[in-house]
Amino acid sequence: MTFQRRRRVRLAAALAAAAWLLQGCATLGAKTPGQRLDPWEKWNRKVFSFNESLDENVLKPVATAYSNIVPQPIRRGIDNFFGNAGDAWSAVNNMLQGKVADGLHDVIRVGTNTLFGVGGFVDVATEFGLDHHNEDFGQTLGHWGVGAGAYIVWPLIGPSSVRESFALPLDRAVSPALVIRDGAVKYEITALQVVNARAGLLGASRVLDDIALDKYTFVRDAYLQRRRSLVYDGNEPPSPDESREPEQ
């Protein structure tokens, strides 16, 4: 095992241990389900408002202009290119979770799209029945029993939790920009990834603005429910509050 790989393994182990510790601290003293879910709601709402303002005034206009200029097939190809790197990371996390068959499935998917899909710009693998698994390190921590902990909203990044926050450095680092040494090119690729992803969500954000009475609560609940479903592969057990018998 190379020094670089040993260092990454130690980092992953340290993040997992720290997530265990802070997950317990985040719920210490919480007396109600609401407090356990979002004990820092007052602060989170301020950060959420900041992110919303930044999106409305900067990211959304840029993404709208980008969407108007760049044809949809090219945007889809860019999505596929970045998704190919995500599939490689998914393979690693499937292996870490002991899902060897799914991990090999992801490896074959990455190889197929890289070789026959013009470096990943064309999603050939899906046409062959090799679908995405979309596993990340946050799901790996959850698979091994690390609880989600308290809900957190980070500036620029958005919704998260204690567990997902400790997985973020690894999950967010997975990008084609990771292997590029030139700083300017690295930032350009990262910016393209962000803008292209935001352009793909323009329709969804319009719907959300129309239907959500309290957008903060809607986003929080949807995020936590989705992450829980992903950790349990859609077969999540009932939460402790749901499993209790109703009081007479």
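How are helix 3 and helix 9 oriented to each other? They are roughly perpendicular, because their angle falls in the range of 65 to 115 degrees. The axes of helix 3 (residues 41-69) and helix 9 (residues 183-199) cross at roughly 85° and come within 8 Å. On the helix 3 side, the contact uses D55, L59, K60, V62, A63, Y66 and S67. Helix 9 contributes L192, V194, V195, N196, R198 and A199. By class, this contact has eight nonpolar, two polar and three charged residues.

**The chain as a whole**

This is a predicted model. The chain has 12 helices and two strands. Along the sequence, their order is α-α-α-α-α-α-α-β-β-α-α-α-α-α. Of the 248 residues, 36% are buried. Among contacts with a separation of 6 or more, 66% join residues 24 or more positions apart.

**Helix pairs**

| Helix pair | Axes come within | Crossing angle |
|---|---|---|
| Helix 3 and helix 9 | 8 Å | roughly 85° |
| Helix 4 and helix 5 | 7 Å | roughly 160° |
| Helix 4 and helix 9 | 10 Å | roughly 120° |

**Helix 4 against helix 5**

Helix 4 covers residues 72-96 and helix 5 covers residues 100-116. Their axes cross at roughly 160°. That angle makes helix 4 roughly antiparallel to helix 5, since the cut-off for this class is over 145 degrees. The crossing of the two is left-handed. From helix 4, the residues in contact are N84, D87, A88, S90, A91, N94 and M95. They meet V100, D102, G103, L104, D106, V107, R109, V110, N113 and T114 of helix 5.

**Helix 4 against helix 9**

Helix 4 also meets helix 9. Their axes cross at roughly 120°, so helix 4 and helix 9 are oblique to each other. This crossing, too, is left-handed. R75, I78, D79 and F82 of helix 4 touch I189, L192, Q193 and N196 of helix 9. By class, the residues here are four nonpolar, two polar and two charged.

**Helix 5 in detail**

Does the length of helix 5 agree or disagree with what its residue count predicts? It agrees: 17 residues at 1.5 Å a residue should span 24 Å, and the end C-alpha atoms are 24 Å apart. Which residues of helix 5 are buried? They are G103, D106, R109, V110, T112 and N113. In an α-helix, residues three or four places apart point the same way, because there are 3.6 residues a turn. Helix 4 and helix 6 (124-127) are among the elements that cover the buried residues of helix 5. Just after helix 5, V118 has a positive phi of about 55°.

**A buried arginine**

R220 lies in helix 11 (residues 215-231). Is R220 buried or exposed? R220 counts as buried, because its relative accessibility is 10% and the cut-off is under 20%. Leaving aside residues up to four places away in sequence, R220 touches L37, D38, E41 and Y151.

Note on methods:
Residues numbered from 1 in each chain as written. Predicted model: local features only at pLDDT ≥ 70, side-chain atom pairs only at ≥ 80, totals over all residues. Heavy atoms only, no water. Axes fitted to C-alpha atoms, helices over the stretch in contact; angles between N-to-C directions. Helix = DSSP H or I, 4+ residues; strand = E, 2+ residues; numbered from the N terminus. Parallel < 35°, antiparallel > 145°, perpendicular 65-115°, else oblique. Left-handed = near helix turned anticlockwise from the far one by under 90°. Contact = heavy atoms within 4.5 Å. Nonpolar A, V, L, I, M, F, W, Y, C, P; charged D, E, K, R; others polar. Expected span 1.5 Å × (residues − 1). Buried < 20%, exposed > 50% of the residue type's maximum accessible area, 1.4 Å probe, protein only.
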